[in-house]
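Trainee: Hello! Could you walk me through this structure, one question at a time?

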Amino acid sequence: MDEDKKKTIMIVIIIACLAVAGFIFIKSITGGDKGLNAIPADAMTLVMCRNPKCKAVYEMSTREYTAQMQEAMSKMMMLMETPGLACKECGEESIYKAIKCPECELVFEENSVSGDIFDRCPKCKYSEFEAGREERKKSSD
Ligand SMILES: [Zn+2]
Ligand SMILES: [Zn+2]
């Protein structure tokens, strides 16, 4: 098999996987009335703007985040990259889910430390998820 053919097959497989994953995701969050209504009306999601000129950090309603995410998911299938949401400050589609470190108060994007826990702080290396896991481990002894 020549290289070009291999590449084409790889791309087809990737697109098929994304399509299936996207379909399941959209189905699970739009499934009947459950999807958005299952999210508490007052739930908030912290987001941050990737636009280096803006860097806005703010909270938006989780329902709105999910609704915009659903829309962005269909775009992602075409662009094959994680979609950004429209920023209320600069209007660019560069809003991503953010985490505020409880230790040093740095606001950073999820998965900032590649290959590590999603909420690992790139500055002080604290992970609330990891801390919680250790807490549970201790209490179960
Ligand atoms: Zn912005
Ligand atoms: Zn930190």
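Mentor: Gladly, and we begin with two terms: strands (E, at least two residues) and helices (H or I, at least four) are DSSP runs, numbered from the N terminus, and two strands pair if DSSP finds at least two bridges between them. This is a predicted model, in which local features need pLDDT of at least 70, side-chain atom pairs count only at pLDDT 80 or more, and totals for chains, interfaces and linings use all residues. Residues are numbered from 1 along each chain as its sequence is written, while chains are lettered from A and ligands numbered from 1 in the order in which they are written.

Trainee: Which residue in S2 stands opposite Leu-46?
Mentor: Start with the strands: S1 covers residues 44-49, and S2 covers residues 57-61. S1 and S2 pair in the antiparallel sense over five bridges. The residue in S2 opposite Leu-46 is Glu-59.

Trainee: What is the bridge partner of Cys-49 in S4?
Mentor: S4 spans residues 93-100 and is joined to S1, running antiparallel, by three bridges. Met-48 stands opposite Tyr-96 in S4. For Cys-49, the partner in S4 is Ile-95.

Trainee: Which residue takes a positive phi in the hairpin of S3 and S4?
Mentor: S3 (residues 85-86) runs antiparallel to S4, with two bridges joining them. In this pairing Ala-86 stands opposite Glu-93. Six residues lie between the strands of the hairpin, and the one with a positive phi, near 85°, is Gly-91.

Trainee: And which residue in the turn between S4 and S5 has a positive phi?
Mentor: S5 consists of residues 107-109, and three bridges join S5 to S4 in the antiparallel sense. Ile-99 stands opposite Phe-108 in S5. The hairpin of S4 and S5 has six residues between the strands, and the turn residue with a positive phi, about 65°, is Glu-105.

Trainee: Why does Thr-45 count as partly exposed?
Mentor: A residue is buried if 20 or more other C-beta atoms lie within 10 Å of its own, exposed if 12 or fewer, and partly exposed in between, with C-beta atoms placed from the backbone. Thr-45 lies in strand S1. Thr-45 is partly exposed because its count of C-beta neighbours inside 10 Å is 17.

Trainee: Which residues touch Ile-95, not counting those up to four places away in sequence?
Mentor: Two residues are in contact if their C-beta atoms, placed from the backbone, lie within 7 Å. Ile-95 belongs to the largest nonpolar core. With residues up to four places away set aside, its contacts are Val-47, Cys-49, Gly-84, Leu-85, Ala-86 and Cys-87.

Trainee: How far apart in space are Ala-67 and Gly-35, C-alpha to C-alpha?
Mentor: Ala-67 lies in helix H3, residues 62-79. Along the sequence, Ala-67 and Gly-35 are 32 residues apart. In space, C-alpha to C-alpha, the distance is 9.3 Å.

Terms used:
Core = buried A, V, L, I, M, F, W, Y, C linked by C-beta atoms within 7 Å.
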